[in-house]
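Here are some notes to go with the model you are looking at.

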Amino acid sequence: MSPTEVTTDGPRLLEGAAAIADAMIAAGCRFFAGYPMTPFTEVLEEMAAKLPEVGGVCMNAESELEAVGMAWGAAATGTLAATGSTGQGLSLMQESLAEITLARLPLVVLNMARAQGDYFQATRGGGHGDYRHIVLAPMDVPEAVRLVQLAFHLTWQWRNPVLLFGDYYMAHTTQSVDVGSIDFGDRAQADWTLDGSTGGSGHARLVSPLGDAKRRDRAGYDLSEHYRACAAATAAMAAGVEPLVESGYLDDAEVVVVAFGTPAKYVRAAVRQLRDEGRRVGFVRPITLYPFPTGVVAAAAEGPNVRAVAVYENNQGQMVDDVRLAVLGRAPVQFIGGLSLDTAGFGIAPDLDVGVLHDRIAAVLG
């Protein structure tokens, strides 16, 4: 079944894990591998139940190392593939994710994170070499459904992994969503896939982090050539992917609040409450964490009335570095976030309360 053959009966009430699985299938994903780790486990269970119904394969791997290896193999054949975990499991995958990127393979990676402490991991990676992943951060289930499908479009277009940054709330919140296929344009024909047809021909295709040119006997790899080509591809991707961002109330804002993911929805509600009270505050919500919407953040900080930029994250301060790089001294940047967790550390945050965030923003306003 191709993505265009997936039908929908309109909006349905779905838990986030089920909606994300349906969206991956609607986008054409036909291979998925993972190892159980809540809140990623629920997506794996949904894919295990649903992929065989459309002729796909879901593997419950022995560990995250095997899961990413299986996904790598499927992606090399031209199959739309995905894997994922929480941040802890993705730590185990970093070597493979780096090499998959240097091999220029499309792969969608889910991080159903516990809080937001994985921002550095998502946007910088923990592997080796010069590589970057496109990172998308939805704020709720309906947006996740759209961004999951966009992720498969972008990963194929750029032959580069795309990471979707979710969380516990996204996996477990039930919302009304329409999971019909979204048309992001035709998928280009691939001349790099390994289907066995070129073996023994003298012109066999090669998919490797060492390069895509077959070497003759006693002729070594020119890694500098390959790495420069990878760097050029990354630069083209960074320039070609338009950052996604939501913003509001910036025209007269004295304080601009920047937040991403689920917490940004609460921040936006707190900003609206403050606006109803007559306070001049605006917000910026990065949706692509890489490429980061630097231009929008910089322009917001240059507003004629801006006295400060406040950053909320459920961590000790990570995205705040990218905000500071974007602002470049145009206004003071103040971190108003911090770790807020339940006893299990799953990221169920007591601080995600509109009243709490209202007061933190109001303190910056003075």
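1. Let me start with a pair of charged residues: the side chains of arginine 307 and glutamate 254 meet in a salt bridge, at 3.0 Å from N to O. A salt bridge here is a side-chain nitrogen of Lys or Arg within 4 Å of a carboxyl oxygen of Asp or Glu. The two partners are 53 residues apart, with arginine 307 in the loop between α10 (294-301) and β13 (308-311) and glutamate 254 in the loop between β9 (245-248) and β10 (255-258). Arginine 307 counts as partly exposed because its relative accessibility is 41%; the scale calls a residue buried under 20% relative accessible area, exposed over 50% and partly exposed in between, using a 1.4 Å probe and protein chains only.

2. A word on the basis of these notes: this is a predicted model, where local features need pLDDT of at least 70 and side-chain atom pairs count only at pLDDT 80 or more, while totals for chains, interfaces and linings use all residues. Residues are numbered from 1 along each chain as its sequence is written, and side-chain values use heavy atoms, with hydrogens and water left out. Helices (H or I, at least four residues) and strands (E, at least two) are DSSP runs, numbered from the N terminus.

3. The salt-bridge count comes to 14. Glutamate 143 forms one of them with arginine 285, the closest N and O atoms being 2.8 Å apart. This pair links helix α6 to strand β11, across 142 residues of the chain, and both glutamate 143 and arginine 285 are buried.

4. Aspartate 321 and arginine 324 also form a salt bridge, with 3.8 Å between the closest N and O atoms. They are about one helical turn apart because three residues separate them in helix α11 (residues 319-327). Both ends are partly exposed, aspartate 321 at 34% and arginine 324 at 40%. Elsewhere, Arg12, Asp22, Glu46 and Lys50 are linked in a network of salt bridges.

5. Next, the interior. A nonpolar core is a set of buried Ala, Val, Leu, Ile, Met, Phe, Trp, Tyr and Cys residues joined through side-chain atoms within 4.5 Å. The largest such core has 94 residues, and Met24, Phe32, Val43, Met47, Phe152, Phe165 and Val323 touch the most other members. Helix α6 (residues 141-158) gives this core its largest share, 11 residues. Apart from it lies another core, of 22 residues, including Ala259 and Ile336.

6. Which cysteine sulfur is closest to that of cysteine 29? It belongs to cysteine 58, 8.8 Å away and therefore too far for a bond. Cysteine 29 is buried at 0% relative accessible area, and cysteine 58 counts as buried at 17%. The disulfide count is zero, a disulfide being a pair of cysteine sulfur atoms within 2.5 Å.

7. Finally, helix α3 (residues 64-76) has 13 residues and reaches 18 Å from its first C-alpha to its last, close to the 18 Å expected at 1.5 Å a residue; the expected span is 1.5 Å times one less than the number of residues. Its buried residues include Glu64, Val68 and Ala71, and the buried set packs against β2 (31-34), β4 (81-85) and α4 (87-102), where contact means heavy atoms within 4.5 Å. After α3 comes glycine 78, with a positive phi near 90 degrees.
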